[in-house]
Amino acid sequence: MTNKTAALRYARALLDVAIKERAPLDTIGDELAAFVDLFKQNPSLEKVMLHPAVPVPRKRAVMVALVERARLSPILSKLLVLLAERDRLVLLPDLLSAYRERVLDHQQIVRAEVTTASPIGPDRAQAIERGLTKVTGRTVRLGVRTDPSLIGGVVARIGDTIY
């Protein structure tokens, strides 16, 4: 099983538990993002926690101390300790992105990337967003970029679909 597959399974489980417990999904995502940033900002911590020579009980003890200090939600705290126990902390960045995607899917939100030949105004962007909402039947979060190599028109990409 690849890391992305494993991260997707943990993300699915985290979302399922959060929904069942009626926990704030965005708060859990923000806490997870902050924890991933903690690892990125402290390379020595990341190196120690991911190093295979460090015994798993020590990693677990460090993780317990970290989640207590960070005052994370109980759901996320349990998952992080579980990942430390299973020596799967390497999954954290993929887990974060998978969790965010699962939350958007749960909330019926899709991301759309719109590319235009020249910059467009906010009113035109909102009109495109409304049109894509009608086409997809979901709420659309729009990202707009320009590409001067286009002759004209608009290219909208939602997942693997191009309009």
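This is a predicted model: local features need pLDDT of at least 70, side-chain atom pairs count only at pLDDT 80 or more; totals for chains, interfaces and linings use all residues.
Residues are numbered from 1 along each chain as its sequence is written, and side-chain values use heavy atoms, leaving out hydrogens and water.

**Helix α6**
- Helices here are DSSP runs (H or I, at least four residues), as strands are (E, at least two), numbered from the N terminus.
- α6 covers residues 92-106, so 15 residues, and spans 21 Å from first C-alpha to last, close to the expected 21 Å (1.5 Å times one less than the number of residues).
- Its buried residues (under 20% relative accessible area, 1.4 Å probe, protein chains only; exposed is over 50%, partly exposed in between) are Leu-92, Leu-95, Leu-96, Ala-98, Tyr-99, Val-103 and Leu-104.
- Among the elements covering them are α1, α2, α5, β1 and β2.

**The cores**
- A nonpolar core is a set of buried Ala, Val, Leu, Ile, Met, Phe, Trp, Tyr and Cys residues joined through side-chain atoms within 4.5 Å.
- The largest one has 34 residues, and Leu-32, Met-63, Leu-80, Leu-83, Leu-92, Leu-95 and Tyr-99 have the most contacts inside it.
- A second, separate core has eight residues, including Ala-112 and Val-140.

**Ser-73**
- Ser-73 sits in the loop between α4 and α5.
- Ser-73 counts as buried because its relative accessibility is 17%.

Key
Contact means heavy atoms within 4.5 Å.
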